[in-house]
Amino acid sequence: MTTQTVPSRRSTLVRRSSVVLLTTTALLAIAGPARADVPEGWSNPEAVDTWTAVLLFVLLPVGMALVITLLCYLPAIIRGERLTPGAPHIENQWIGGPREGTAELAAPDGESSEAGGASARW
């Protein structure tokens, strides 16, 4: 049986400080090229307006998410389905199938009928 030792406060502080120092150094090393000047011969674009940045990075993605959500829910809204949480759920839903259940399915009308089932037989 091995005994486990509890690390002292000093060793925990040293370990945490090392992790913070190494993480900070790595982040600064990665971000260094972002402070570089524009190379000679390249165009120097104008600064982006704050409202343009808000439009591009906030309003446009939120608007696209709302449009996609609307397009997903619109068919159900048109059919008049309830979309609220806690609405009674239908057991054994068949997505894209008959709305009234299996009663709408064609029944086999003879021995050679190909209606119903995965093997085209009941």
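L55, L56, F57, V58, L59, L60, V62, M64 and L66 make a nonpolar surface patch of about 920 Å². The model is predicted.

L66 sits in helix α2, which covers residues 50–79. Is L66 buried or exposed? L66 has a relative accessible area of 57%. It counts as exposed because the cut-off for that label is over 50%.

**The chain as a whole.** The protein chain has 2 helices and 0 strands. Of its 122 residues, 2% are buried. The chain exposes about 12,000 Å². Carbon and sulfur atoms supply 63% of that area.

The table sets out their lengths and spans, from first C-alpha to last.

| Helix | Length | Span | Expected span |
|---|---|---|---|
| α1 | 23 residues | 33 Å | 33 Å |
| α2 | 30 residues | 43 Å | 44 Å |

Helix α1 runs over residues 9–31, and its span is close to the expected value. How many of the 23 residues of α1 are buried? The count is 0, so α1 is hardly covered; buried here means under 20% relative accessible area.

Helix α2 also spans close to what is expected at 1.5 Å a residue. Where does α2 kink? The kink lies at Y73 and comes to about 40°. The proline P75 follows shortly after Y73. Just past the end of α2, G80 takes a positive phi of about 85°.

How values were computed. Residues numbered from 1 in each chain as written. Predicted model: local features only at pLDDT ≥ 70, side-chain atom pairs only at ≥ 80, totals over all residues. Heavy atoms only, no water. Patch = residues over 30% accessible without salt bridge, like charges linked within 9 Å, V, L, I, M, F, W, Y side chains within 5 Å. Areas by Shrake-Rupley, 256 points an atom, 1.4 Å probe, with all protein chains shown as cover. Salt bridge = Lys/Arg side-chain N within 4 Å of Asp/Glu carboxyl O. Helix = DSSP H or I, 4+ residues; strand = E, 2+ residues; numbered from the N terminus. Buried < 20%, exposed > 50% of the residue type's maximum accessible area, 1.4 Å probe, protein only. Expected span 1.5 Å × (residues − 1). Bend = angle between axes of the 7 residues up to and from the residue.
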